[in-house]
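Visitor: Could you walk me through how to read the features of this model, one at a time?

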Amino acid sequence: MAPGSSTEKKTDDGQASKENFIHLCNPHLEKMKEDILYHFALGTGTHDFPTLFGDVKFVCVGGSPSRMKAFIAYIAEELGLGSPECDYPNICAGTDRYAMYKVGPVLSVSHGMGIPSISIMLHELIKLLYHAKCSDITIIRIGTSGGIGLEPGSVVITRQSVDATFKPQLEQVVLGKTVIRSTNLDEQLAKELMQCSKEIGQFNTVIGNTMCTLDFYEGQGRLDGAICLYDEEEKLQYLKNAYESGVRNIEMESSVFAAMCNLSGVKAAVVCVTLLNRLEGDQISNSHDVLVEYQQRPQKLVGYFIKKSLGKV
């Protein structure tokens, strides 16, 4: 079967159904006898990917290893596959680059901070799912962000990831040439997640554009970095321009996440909570307990979505 193709099979009632498999945009991989996923400490020559991961249907990724371990414990309990006392081993324990946890059809993976870090992880994650012969995969990034014009604690479901000039694209240099890739995300999936939030009814949720930057300080117009060569008026005007263009939050991973999922034929979404309103300041001042509760909101929403998708709601 060619990478990225769909195959038909017969269901119990004799109806034909299609399965969507991962698409690999790399013909060179077909010639390799073994594929070593170095940053995961996994390889096709040492691990049985279909046995380990073949039942995965949902992949949730986020920056922090501890947060992704907390998510797998949460979803395990929600799906009736574990309890708070259970321990979930790190599948990538052979490396300190990323952490990976699995329970039932759900895989939880950390990606670090920034485009380079999540890009490396996604290359190996997409290959892992391909080698495992996974089909009909949904990948969701859950995380934190800075809001624009939203109350702290609001959840943003990304419509498009835009760059620092508000364009829905990822600009990447490959072999010395600039390549432009689309950063749109699955519209129907965003609507389904929004409906789930309405059913939960616990926190404000919006669908909006997410600005993905290359930096936490100057790239996001902060005044509190080690270097800042603009004034507060210029900063506020920039953020207001972003808001008027449809941007509702800022983070540092969504553009390459959207672009790579698009190229791989994977249904994807970004769900981030806002920790502050950037129109009102640059530093996060809420208490630890408040921030912990905020950070649980994306996992509650995505957990509910997974339960609903599996018919457990």
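**Starting from one residue**

Visitor: Which residues does Q220 touch, not counting residues up to four places away in sequence?

Guide: Contact means heavy atoms within 4.5 Å. By that rule, and with residues up to four places away in sequence left out, Q220 touches T213, D215, L239, I250, E251, M252 and R278. A word on the source: this is a predicted model, in which local features need pLDDT of at least 70 and side-chain atom pairs count only at pLDDT 80 or more, while totals for chains, interfaces and linings use all residues. Residues are numbered from 1 along each chain as its sequence is written, and side-chain values use heavy atoms, with hydrogens and water left out.

Visitor: Where is Q220 found?

Guide: Helices (H or I, at least four residues) and strands (E, at least two) are DSSP runs, numbered from the N terminus. Q220 sits in the loop between strand 12 (205–212) and helix 5 (232–244).

Visitor: Is Q220 buried or exposed?

Guide: Buried means under 20% relative accessible area, exposed over 50%, and partly exposed in between, using a 1.4 Å probe and protein chains only. Q220 has a relative accessible area of 3%, so it is buried.

Visitor: What does the side chain of Q220 reach?

Guide: A polar contact is a pair of N or O atoms within 3.5 Å; within protein, one must be able to donate a hydrogen and the other to accept it, and residues adjacent in sequence count only if both atoms are side-chain atoms. Here the side chain of Q220 comes to 3.4 Å from the backbone oxygen of D215.

Visitor: Which residues does UniProt list for "binding site"?

Guide: UniProt positions are in the numbering used here, with shortened feature names, and annotations may be inferred rather than shown by experiment. The unreviewed entry lists Q220 and R222 for "binding site". R222 also lies in the loop between strand 12 and helix 5, and its 3% relative accessibility makes it buried. Apart from neighbours within four places in sequence, R222 is in contact with F216, Y217, C228, Y230, L276, R278 and D282.

Visitor: Where is the place of D282?

Guide: D282 belongs to the loop between strand 14 (267–277) and helix 7. D282 is buried, at a relative accessible area of 11%. Its side chain makes a polar contact with the side chain of K235 at 2.8 Å, and another joins the side chains of D282 and R278 at 3.0 Å. Beyond neighbours within four places in sequence, the contacts of D282 are R222, L223, D224, K235 and L276.

Visitor: With which side chain does the side chain of R141 make a polar contact?

Guide: The partner is the side chain of E251, at 3.0 Å. R141 is placed in strand 8 (residues 138–147) and is buried at 3% relative accessibility. Among the residues that R141 touches are V61, H111, E251, E253 and F257, with those up to four places away in sequence not counted.

Visitor: What does the side chain of S161 reach?

Guide: The backbone nitrogen of S255, at 3.1 Å. S161 is in strand 9 (residues 155–162) and, at 0% relative accessibility, is buried.

Visitor: How many residues apart in sequence are L170 and L79, and how far apart in space?

Guide: L170 and L79 are 91 residues apart in sequence and 36 Å apart in space, C-alpha to C-alpha. L170 is part of strand 10 (residues 169–174) and counts as buried at 8% relative accessibility.

Visitor: At what angle do helix 4 and helix 7 pack?

Guide: Axes are lines fitted to C-alpha atoms, for helices over the stretch in contact, and angles run from 0 to 180 degrees between N-to-C directions. Helix 4 (residues 187–200) packs against helix 7 (residues 288–309) at about 105 degrees, and their axes are 9 Å apart. Helix 4 is therefore roughly perpendicular to helix 7; angles under 35 degrees count as roughly parallel, over 145 as roughly antiparallel, 65 to 115 as roughly perpendicular and the rest as oblique. Helix 4 contributes L189, E192, L193, Q195, C196, S197, E199 and I200 to the contact, and helix 7 contributes K300, L301, Y304, F305 and K308.

Visitor: Which span does UniProt list for "domain: Nucleoside phosphorylase"?

Guide: The unreviewed entry gives residues 57–306. That span is 35% helix and 27% strand, and its end C-alpha atoms lie 9 Å apart.
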